[in-house]
Amino acid sequence: MQLPIELVERCVELMERHQLQELSVELGDLSVHLERAITPVPAPTTALVTPAPPSEAIEQPSFIPIESPMTGMFYRGPSPNEPPYVEEGDLVYEGQTIGLIEAMKVFNEIPSPATGVVRRILAQNASLVQQGEILMLLEPPE
């Protein structure tokens, strides 16, 4: 029996969510064992990581920040040949996908936490983002 890719993806998601170093799953005659390799994390450089200054969010107190839920590569669109999910000035709805983050070769959709207008896109396409980093700023509807 071939191992379903969905099972592997779910296991990777569980490892990320619960910050596990190792995970084993057995279902009948199928078994999956995953281990996280311990690799040194390179120091971020200003060319790769450009976090938004905290003062930008403070200057615009009515803006809603969309923060990165994890560390990984941020992509504004589904592929290089397709347009970005959102542009500055677009109206987005709560739960709407605003980008993707690739972590451990898994692409995770980033949903908007609220309805609003995209006022600033702070994260660059195809750039490394850190968990908690502000990706975009939304202005709530009036």
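This is a predicted model: local features need pLDDT of at least 70, side-chain atom pairs count only at pLDDT 80 or more; totals for chains, interfaces and linings use all residues.
Colleague: What makes the 16 residues a nonpolar core?

Modeller: A nonpolar core requires buried residues of nonpolar types joined through side-chain atoms within 4.5 Å. The largest such set has 16 residues, and those with the most contacts inside it are Phe74, Ile98, Val118, Leu135 and Met136. Strand S6 (97–103), strand S8 (116–121) and strand S10 (134–139) each supply at least two of its residues. A second, separate core of eight residues includes Leu7, Val12, Leu23 and Val106.

Colleague: Which residues does Met136 touch?

Modeller: Not counting residues up to four places away in sequence, Met136 touches Ile64, Pro65, Ile66, Phe74, Val86, Ile98, Val118, Arg120, Ile121 and Leu122.

Colleague: How do you know that S3 and S10 pair?

Modeller: Pairing requires at least two bridges. Four bridges join S3 to S10, therefore the two strands pair. In one of them, Pro65 has Leu137 of S10 as its bridge partner.

Colleague: Why is the sheet called open, and which strands are its edges?

Modeller: The order is S3-S10-S8-S5, with antiparallel pairing. Strand S3 (64–67) and strand S5 (91–92) are the edge strands, each pairing on one side only.

Colleague: Why are the buried residues of H1 said to lie on the same side?

Modeller: The buried residues of H1 are Leu7, Cys11, Val12 and Met15. They cover an arc of only 135 degrees around the axis, so they lie on the same side of H1. On the other side, Ile5, Glu6 and Arg17 are exposed. The buried residues pack against strand S1 (22–27), strand S2 (30–35) and strand S7 (106–111).

Note on methods:
Residues are numbered from 1 along each chain as its sequence is written. Side-chain values use heavy atoms; hydrogens and water are left out. Buried means under 20% relative accessible area, exposed over 50%, partly exposed in between (1.4 Å probe, protein chains only). Contact means heavy atoms within 4.5 Å. The arc is that of the directions from the helix axis to the C-beta atoms.
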